[in-house]
Amino acid sequence: MSASVPQGHNWAQRVKKEEEEEDPLDQLISRSGCAAAHFAVQECMAEHQDWRQCQSQVQAFRECMSEQQAKRREELQRRKEQAIAHH
């Protein structure tokens, strides 16, 4: 056998590891708290194959992400103000 061809157990481990790695975008969405809204968009798109028919789901996802971003900005501002107050 050629040395360039993955063999046996090592190859299986490499494939499994690649399959288990989560997409960074999926991680971001999960951490945002908007995963359910994102999945609703995906399900609608899978069903209709036309984003124009999924506008209510897209809007709900957009609103969720906007709310989460606003909360994150507020938290960062609060931490910044606390850091300044402690100096």
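**Entry 1. Layout**

I counted the elements and found 4 helices and 0 strands in the chain. Helices here are DSSP runs of H or I with at least four residues, strands are runs of E with at least two, and numbering starts at the N terminus. Read from the N terminus, the order is α-α-α-α.

I noted that this is a predicted model, in which local features need pLDDT of at least 70, side-chain atom pairs count only at pLDDT 80 or more, and totals for chains, interfaces and linings use all residues. Residues are numbered from 1 along each chain as its sequence is written, and side-chain values use heavy atoms, with hydrogens and water left out.

**Entry 2. Confidence**

I looked up pLDDT, the predictor's confidence in each residue on a scale from 0 to 100. The chain has a mean pLDDT of 84, and 77% of its residues reach 70 or more. Where is confidence lowest and where is it highest in the chain? It is lowest in helix α1 (residues 8-20), with a mean of 53, and highest in α3, with 96.

**Entry 3. Surface and burial**

I looked up the accessible surface of the chain, which comes to about 7,500 Å², with 52% of it belonging to carbon and sulfur atoms. The areas come from the Shrake-Rupley method with a 1.4 Å probe, and for residues only the protein chains shown count as cover.

For burial I used these classes: buried is under 20% relative accessible area, exposed is over 50%, and partly exposed is in between (1.4 Å probe, protein chains only). Of the 87 residues in the chain, 15% are buried.

**Entry 4. Helix α3**

I took α3 next. It has 14 residues and reaches 20 Å from its first C-alpha to its last, close to the 20 Å expected at 1.5 Å a residue. The expected span is 1.5 Å times one less than the number of residues in the helix.

The buried residues in α3 are A35, A37, H38, V41 and C44. What do the buried residues of α3 pack against? They pack against α2 and α4. I also checked A37 for contacts, meaning heavy atoms within 4.5 Å. Leaving aside neighbours within four places in sequence, A37 is in contact with Q57, A60 and F61. After α3 comes Q49, whose phi is positive, near 55°.

**Entry 5. Helix α4**

I then read α4, which covers residues 55-85. This helix has 31 residues and reaches 45 Å from its first C-alpha to its last, close to the expected 45 Å. F61, C64 and M65 are buried in α4. The buried residues of α4 pack against α2 (24-32) and α3 (35-48).

**Entry 6. The core**

The largest has 8 residues: I29, C34, A35, A37, V41, F61, C64 and M65. The elements that give two or more residues to this core are α3 and α4.

**Entry 7. A residue in α2**

I picked S30, which lies in helix α2. S30 counts as partly exposed, at 43% relative accessibility. Not counting residues up to four places away in sequence, S30 touches E22 and A35.

**Entry 8. Salt bridges**

Side chains of opposite charge can pair when their charged atoms come close. I searched for salt bridges (a side-chain nitrogen of Lys or Arg within 4 Å of a carboxyl oxygen of Asp or Glu). How many salt bridges does the structure hold? The structure holds 3.

One is between D50 and R52, with the closest N and O atoms 2.9 Å apart. D50 is buried, at 16% relative accessible area, whereas R52 is exposed, at 58%.

Another joins E75 and R78, with the closest N and O atoms 2.5 Å apart. E75 and R78 are 3 residues apart in helix α4, so about one helical turn separates them. E75 is partly exposed at 22% relative accessibility, and R78 is partly exposed at 38%.

I also found R79 and E75 meeting in a salt bridge at 2.9 Å, N to O. R79 and E75 are 4 residues apart in helix α4, again about one helical turn. R79 is partly exposed, with a relative accessible area of 47%. Salt bridges that share partners join E75, R78 and R79 into one network.

Technical notes
Core = buried A, V, L, I, M, F, W, Y, C linked by side-chain atoms within 4.5 Å.
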